[in-house]
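Here is a short report on one protein model.

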Amino acid sequence: MLRRFLPPYKGYLFLNILFNLLSTVLSLFSFAAIIPILQILFGLNDGADAYISINWTAGASEITDALKNNLYYWIGSEVSAGNSGYVLFALGLFLVVMTMLKCGCSYLASFYMIPIRTGVLRDMRKQLYDKVVSLPVGYFTEEKKGDVISRMTSDVGEVEASIIASLDMLFKDPIMIAVYLITLFILSWKLTLFVLVLLPTAGWLIGRIGRSLKRQSKRGQEQNAEILTQIEETLGGLRVVKAFVAEDKLKARFNDINERTRRTFNRIHRRYMLAHPVSESLGTALIAVLLWYGGGLILADNSSIDAAVFIYYLVIFYSIINPAKDLSKAAYSIRKGKASLERIDKILNAPSPIENEQEETQNASCQIKEVQSISFDHVSFSYLPDLPVLQDICLDIKRGQMVAFVGQSGSGKTTLLDLVPRFYDPVSGSIKINGIDIRELNTKALRSMIGYVNQDAILFNDTILSNITFGLPAEDSVVSGDNMQRIEQAAIVANALDFINAMPDGFETIVGDRGSRLSGGQRQRVSIARAVILKPQILILDEATSALDTESERLVQQALDNLLTTEECTKLVVAHRLSTIRNADLICVLHEGKIVETGTHDELLTRSGYYAKLLKMQNE
């Protein structure tokens, strides 16, 4: 986990470790002031016989012994002179200064941890968002939106907390424990060995408590995803819910999911909260055993340390409890994070069935500057095995032609057009542009040649201007004289300029969530302008007027007529109303995934086949 996310933050990590180490060492100095204070208060100070001149070229041990001797010599001299109050003040001041330095280093350690926390969180969100955007459309037909959102929010938060806990577990708490243990060994190796015999029992008990936490955490995140899915579906279908008076049914369903999630997280949090009281209770029990054993040695004059040093020993040992306690909580957090990371990796490692979709370059010989022809060569496709949606589609389309696809619902019209921009790839056969299989093309370059207008005009919660220029490169989206003229021209072709100018803020009007502030016809005309401004070589119109009222349909149809009369692009149209495609160069009639008829409007009428029956049913 750490190797995946920490490399960009090695500098911050080094500073964090350095200041954690300094904080721990300075805490030892602040604790050390307790010894002479106790000796003065309880009359235990034997003092040093004489001042020793320090030889700074000597070894560290000799220098340390000399400094310690001279400190006790000074304390003894001052106490003998009746200046005990002055000595206590100086020792207290030393304790305050050392504590302030220790707290300052502790703050700096946390200060340099913050960029790691926020950076890792940003990086995970970016990786997930980039992956979600890059995944093919087909991936989301199998995944719930709420589950994807849950992984990008709550699961990412769990992993971030787990990474920080891992850092503490590896670099902060072990440093503190190691420094304190070394000091304890220096003070009394016998007492320390006695304590270490008892520690494995405490570690085993803490580990046993957290074994099932990972499994329960994974279940909890999955239930969170169910809640988000329920919320997303409710908001998206609120009109249907109210129309069918189904509020109570959805409330009951949500309450059931909500209650199951509450029970799951009750178990998770109760087990997680056990880390603190268990570790503190075990630490206190060890202190009690240590008091019994060490105090007995001192009272029996069988100890290498005196009472004041023993108190210092207990203070340091008790200081181990907090990092040990944090270590146990970190272990729980890491288990929770691993469960969330598995859910995140399910998205990050999801394979794309669209080969080469994200490759920036392809064979130079496969670059297409101008679309001359589109051909479907024995194309078949299915979403599920043994359930074909398209079967053996063969079709040749020339540049500038308008080709309409008609048929009953479920005949495969939209699916056929979705294969052209490679939202899906055929199961068998191929689609070729200028004789080149589109799977050999750079997918971004392919899609940049295509303008797309579908039945559900999807707009983003931004300005009309931003929605129209959505598909343009960033430099072409900047509002300037030439660009604005191009934008207005697209709006004119889409029959949208009049209603845009009538808006209070014109092109800067916010359209609302999914374009909710605009009417259906207005939304569709903005989406047509979005396609027009790209000057596409291939224009796909997927039932662009079927969801509109008569007046809106008339306005949108005028915009579509402006598009369809141009010879600059090839038009692929799925028609809901057959009257709108009378002038098509070729009409393809689909039935149960197969093309059963092709021809012009007049030709198909004379055959009295599927097309004639469809037209008759619409006219009745």
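In the hairpin of S1 and S2, two residues sit between the strands, and aspartate 386 takes a positive phi near 65°. The model is predicted: local features need pLDDT of at least 70, side-chain atom pairs count only at pLDDT 80 or more, and totals for chains, interfaces and linings use all residues. Residues are numbered from 1 along each chain as its sequence is written, and side-chain values use heavy atoms, with hydrogens and water left out.

Strands here are DSSP runs (E, at least two residues), as are helices (H or I, at least four), numbered from the N terminus. Two strands pair if DSSP finds at least two bridges between them. Strand S1 (residues 373-384) and strand S2 (residues 387-398) run antiparallel and are joined by eight bridges. Phenylalanine 376 has leucine 395 in S2 as its bridge partner. S1 also pairs with strand S4 (residues 428-433), again in the antiparallel sense, over five bridges. There, isoleucine 374 stands opposite isoleucine 433.

Aspartate 377 lies in strand S1. What does aspartate 377 touch, not counting residues up to four places away in sequence? Its contacts (heavy atoms within 4.5 Å) are Ile393, Cys394, Gly429, Ser430 and Lys432. Serine 430 is 53 residues from aspartate 377 in sequence, yet the two are 5.3 Å apart in space, C-alpha to C-alpha. The relative accessible area of aspartate 377 is 31%, so the residue is partly exposed. The classes are buried (under 20% relative accessible area), exposed (over 50%) and partly exposed (in between), with a 1.4 Å probe and protein chains only.

**The six-stranded sheet**

Six strands form an open sheet with mixed pairing, in the order S6-S7-S8-S3-S9-S10. At the edges are strand S6 (450-454) and strand S10 (594-599), each pairing on one side only. Neighbouring strands are turned by 15° against each other on average, direction ignored. Axes are lines fitted to C-alpha atoms, for helices over the stretch in contact, and angles run from 0 to 180 degrees between N-to-C directions.

Strand S3 (residues 402-407) and strand S8 (residues 570-574) pair in the parallel sense, over four bridges. Phenylalanine 405 stands opposite valine 574 in S8. Helix H19 (residues 520-532) packs on the sheet and touches S6 and strand S7 (538-542). The direction of H19 makes about 170° with that of S6. Helix H22 (residues 610-619) packs on the sheet too, touching S3, strand S9 (586-591) and S10. The direction of H22 makes about 90° with that of S9.

**The two sides of H22**

Tyr611, Ala612, Leu614 and Leu615 are buried in H22. Seen down the helix axis, the buried residues of H22 fall within an arc of 160°, so they line one face. The arc is that of the directions from the helix axis to the C-beta atoms. These buried residues pack against S3, S9, S10 and helix H21 (601-607). The face of H22 turned away from its buried side carries the exposed residues Lys613 and Lys616.

**Cysteines**

How many disulfides does a search of the whole structure find? It finds zero, taking a disulfide as a pair of cysteine sulfur atoms within 2.5 Å. For cysteine 103, the closest cysteine sulfur is in cysteine 105, 9.5 Å away, which is too far for a bond. Cysteine 103 is partly exposed, with a relative accessible area of 44%. Cysteine 394 is partly exposed as well, at 39%.

**Salt bridges**

The structure holds seven salt bridges. The criterion is a side-chain nitrogen of Lys or Arg within 4 Å of a carboxyl oxygen of Asp or Glu. The table includes three of them.

| Pair | Closest N and O atoms |
|---|---|
| Aspartate 123 and arginine 122 | 3.1 Å |
| Arginine 260 and aspartate 256 | 3.3 Å |
| Aspartate 425 and arginine 422 | 2.8 Å |

Aspartate 123 is buried, at 17% relative accessible area. Arginine 260 and aspartate 256 both lie in helix H10 (residues 247-273), four residues apart, about one turn of the helix. Arginine 260 is partly exposed, at 26%, and aspartate 256 is partly exposed, at 42%. Aspartate 425 counts as buried at 15%, and arginine 422 is buried at 0%. Elsewhere, salt bridges link Glu259, Arg262 and Arg263 in a network.
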